[in-house]
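Let us take a friendly walk through this model, stopping at a few places along the way.

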Amino acid sequence: MAKLWGGRFQKSAEAWVDEFGASIGFDQQLVLEDIEGSVAHVTMLGAQNILPTEDVSKILEGLSQLKVKAEAGELKFTVANEDIHLNLEKMLIDLIGPVGGKLHTGRSRNDQVATDMHLFLKKRVPEVVGLIENFQNTIIKQAEQHIDTIAPGYTHLQRAQPISFAHHLMVYFWQLQRDKERFNESMKRIDILPLGAGAMAGTTFPIDRLKSAELLGFADVYANSMDAVSDRDFIVEFLSNSALLMTHLSRFAEEIIIWSTDEFKFIELDDAFSTGSSIMPQKKNPDMAELIRGKAGRAFGNLVGLLTVLKGTPLTYNKDMQEDKEGMFDTMETVLGSLKIFEGMVRTMTINKPRLHSAVHSDFSNATELADYLATKGMPFRDAHEVTGKLVFTCIQQGIYLLDLPLEAMQKESSLIEEDIYAVLAPEAAVSRRNSLGGTGFGQVKIQIEKAKSLLI
């Protein structure tokens, strides 16, 4: 089959070389974007009297038919035509005749493919943002039910201080909020149109790039034609934002996995988001959380992959940049799927309140309360820290906890300790007293949740 660009060549490549160089195996995902860009381009060519009205009408009718077939999954792509652009152009020519070859007037595959990818992210990044918001709403609903549920807070994966379980859940709301803001901010760079830059130097035809931008709904056009065809920052930014989002989801997944173990038993996942073992009948595995934790690596790899491709490419377009698409497609699919799964997993999980209550009453996470108690009575905090540490060691030796220690034993270390210490050491009191702004105190958690709600209106 003759190449649409083959006039200068005297020899055809072997089939396996074509196979290696073709991108149609993956860039066919841009079929609707490519048609959309072509519709805008030929409409502009007509408005500028670069193509006669009858030619524009024929091309638009042909593109309309291709779009219908594309939406129905009826288009047949071939490696012989390399990529989505040449496949569609060949189909158009076959459909409406040689006039279809006029579609490429005033443009290049270089600005065409860049346009397609801008359109792809322009449509789908808002989908990501929508799923993030849906997940945020689910987190808020779970948090509202567990403001007064006391849980152990951890540092170094060691019991640290008692907290409101809602406070812990809300951490992920705020991480997702920052993710959402980054994706929204990135739309400024996505919403710039490269179409009209040509191969790299613009075109001699009297095109109207602003008209094309208007037709495609872009806020602006690239100011430099070389930048327009070589820029992939907007994809790197999407991959970077996605990698950080997947980092947050992976950290949450890790906690879900830990919490659902028999050793913790803080939560139980719904059966719909768990799997069993082929040999051990008792198993209930948090496979969806584990998959999301694992898929974070895909997002990281796609980011590093594109950065590596770009770091050594001179201006402007190079064939290396064909490697920009598969990672983008893969990361988009990974992010959308992970957000949908995680939202359902959190929405349907059961929090084991009795287990959490037992946990905070059988540890030393209230030790800081004793140190603070002594400090409020005038003892330097470093001294209070030492006294508390000695009392914790006494408890460890006796196999008891601070609330079990007799007052007399406490007073041997400090006469400042009085009967009211037992009320201070209660986990509920430890949480409720932490009412500094952003703290885990019940009142502060309620304020935090209300602030979070206001961001979703």
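Where is Met200 found? Met200 sits in the loop between β3 (192–193) and α8 (209–216); helices (H or I, at least four residues) and strands (E, at least two) are DSSP runs, numbered from the N terminus. This is a predicted model, in which local features need pLDDT of at least 70 and side-chain atom pairs count only at pLDDT 80 or more, while totals for chains, interfaces and linings use all residues. Residues are numbered from 1 along each chain as its sequence is written, and side-chain values use heavy atoms, leaving out hydrogens and water.

Met200 counts as partly exposed because its relative accessibility is 33% (buried means under 20% relative accessible area, exposed over 50%, partly exposed in between; 1.4 Å probe, protein chains only).

Thr316 belongs to the loop between α11 (287–311) and α12 (325–348).

Two residues other than glycine have positive phi values: Glu82, near 70°, and Lys265, near 55°. Glu82 lies in the loop between α4 (53–71) and α5, and Lys265 in the loop between α10 (233–259) and β5 (267–268).
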